[in-house]
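Open the model in your viewer and keep the selection panel at hand.

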Amino acid sequence: MNLDLTEEHELVRRTVRDFAAERVAPAAEELDREHRFPYELVKEMAELGLMGMTIPEEYGGAGADTVSYAIAIEELTRVDSSVAITVAAHHSLGTLPIYLFGNDEQKREWVPQLAAGEKLAAFGLTEPEAGSDAGATRTRAELQDGDWVINGSKMFITNAGTDISACVTITAITGEGEISNIVVPNGTPGYEIAAPMQKLGWRASDTRELSFRDAKVPEGNLLGPRGKGFQQFLEILDGGRISVAAMGLGLAQGAYDLAATYARERQQFGKPIAKFQAIQFQLADMATEIEAGRNMVYKAAWLKDQGRPFAREAAMAKLYTGELSNRAANASLQIHGGYGFMDEYAISRFYRDQKILEIGEGTNEVQRMVIAKHLGF
Ligand SMILES: Cc1cc2nc3c(=O)[nH]c(=O)nc-3n(C[C@H](O)[C@H](O)[C@H](O)COP(=O)(O)OP(=O)(O)OC[C@H]3O[C@@H](n4cnc5c(N)ncnc54)[C@H](O)[C@@H]3O)c2cc1C
């Protein structure tokens, strides 16, 4: 058994850690306060090869493995969640469905510009009436004279409405009991993108409600065999859970870092608060749980890289790090005292950004349902 990361993994960590410290950290507070999408950072991350990490080089990606990708998402989230989710949603939800299920022509059309990070893509599964019960999709696509005519709406969709968004892959009912995934390019008449939603956290990321009123796309925009949309989105969610699990890990680590630094600096009763055992125990608990979470995330990613079943481990990692990041953000803010409640302290942003990690890509309850199913219940 070998738990060492490879040279390549360590290089990814160093590169992304440096980028996050030098470029993301100085901008994060302002982007959050102004609810501003990080276009400049996306451009720089594209140049670093972070927007299409696991896509093969042949399609314009970096050809990295899932462990490298998880490390990159962890390191970005350690500094800022909005930037991290922009990369994670674009990669795992936006680009992968087209790469995994598209035919050669579809892949050639879409993937190179997405993997290069010149354009962004989104995945539209959630609807106003179909959240955890994602199979309850109501959006319909009807085949008329060689076009899919789409009617319906999607809710809370990440990356669909930026100035560089190219397309959204949506799930739609294409026949009796039949769900398929269809690529809808931005600019399609009848495809409307509402204004950005105002959120508790992830304020610099793009979240929109989408509506389709007789939006027409060519028949060839359907991904894979017609009617396979349900299985396809389950597969996408399994992989996406590794992304969100890596975010939970990174957020917890970032919250720990902030708490450890602050505890060494803040003096009360004539000494740094880090000297008090009550504070040390909180830091010790955080570090212990982070270690457990990291092992879970890397194991799920490693299993995926080995081509072995990973869905159970991905759901477990996502559930564990979602709840871990909640405890870590809470403890870190507590260690910051009143200053932690102030906007100029990064922990207040971490605290707000944390909650969605227990909701997106399947709530904690949904993860427990998935895990129980894998346990045979
Ligand atoms: C910022 C943000 C970004 C997002 N980005 C995307 C995106 O890019 N693409 C996309 O498709 N979606 C996206 N989502 C949607 C997200 O995946 C859903 O919000 C999530 O799946 C939960 O669905 P819901 O919000 O409708 O909650 P609901 O399903 O209505 O759940 C409400 C509550 O009921 C519980 N619940 C539901 N069913 C059960 C059950 N059977 N047993 C026990 N408890 C249950 C849930 O756990 C939850 O606590 C995003 C959401 C947010 C907030």
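A nonpolar core is a set of buried Ala, Val, Leu, Ile, Met, Phe, Trp, Tyr and Cys residues joined through side-chain atoms within 4.5 Å. Buried here means under 20% relative accessible area. The model on screen is predicted.

**Stop 1: the cores**

Select Met45, Leu76, Ile98, Leu283 and Val297. In the largest nonpolar core, which has 90 residues, these five touch the most other members.

Keep Ile98 and display its surroundings. Which residues is Ile98 in contact with, leaving aside its neighbours within four places in sequence? They are Gln106, Lys107, Trp110, Val111, Leu114, Cys167, Thr169, Val183 and Leu223.

Next, select Ala122, Val168, Tyr191 and Ala215. They belong to a second, separate core of 17 residues.

**Stop 2: the ligand**

Select the ligand and the residues around it. There are 16 of these, and Thr126, Ser132, Phe156, Thr363 and Glu365 come nearest.

Then look at the nitrogen atoms of the ligand. A backbone N or O atom of Phe156 is 2.7 Å from a ligand nitrogen, and a backbone N or O atom of Phe123 is 2.9 Å from a ligand nitrogen. With Thr158 it is the side chain that takes part: one of its N or O atoms lies 2.8 Å from a nitrogen atom of the ligand. On its own the ligand has 980 Å² of accessible area, and the protein covers 63% of that.

**Stop 3: Thr86**

Select Thr86, in helix 4 (residues 81-101). Is Thr86 buried or exposed? Its relative accessibility is 0%, so Thr86 counts as buried. Beyond its neighbours within four places in sequence, Thr86 is in contact with Phe37, Val42, Asn159 and Ser205.

**Stop 4: Arg294**

Move to helix 7 (residues 277-305) and select Arg294. Arg294 has a relative accessible area of 17% and is buried, because the cut-off for buried is under 20%. Its side chain makes a polar contact with the side chain of Gln253, at 3.0 Å. With neighbours within four places in sequence set aside, Arg294 is in contact with Glu74, Leu249 and Gln253.

**Stop 5: helix 8**

Finally, select residues 311-336, which form helix 8, and draw a distance between its end C-alpha atoms. The helix has 26 residues, so at 1.5 Å a residue it should span 38 Å; the end C-alpha atoms are 37 Å apart, which agrees. Gly337 follows helix 8 and has a positive phi, near 60°.

How values were computed: Residues numbered from 1 in each chain as written. Predicted model: local features only at pLDDT ≥ 70, side-chain atom pairs only at ≥ 80, totals over all residues. Heavy atoms only, no water. Helix = DSSP H or I, 4+ residues; strand = E, 2+ residues; numbered from the N terminus. Expected span 1.5 Å × (residues − 1). Buried < 20%, exposed > 50% of the residue type's maximum accessible area, 1.4 Å probe, protein only. Contact = heavy atoms within 4.5 Å. Near = heavy atom within 4 Å. Polar contact = N/O pair within 3.5 Å; in protein donor to acceptor, adjacent residues only side chain to side chain. Areas by Shrake-Rupley, 256 points an atom, 1.4 Å probe, with all protein chains shown as cover.
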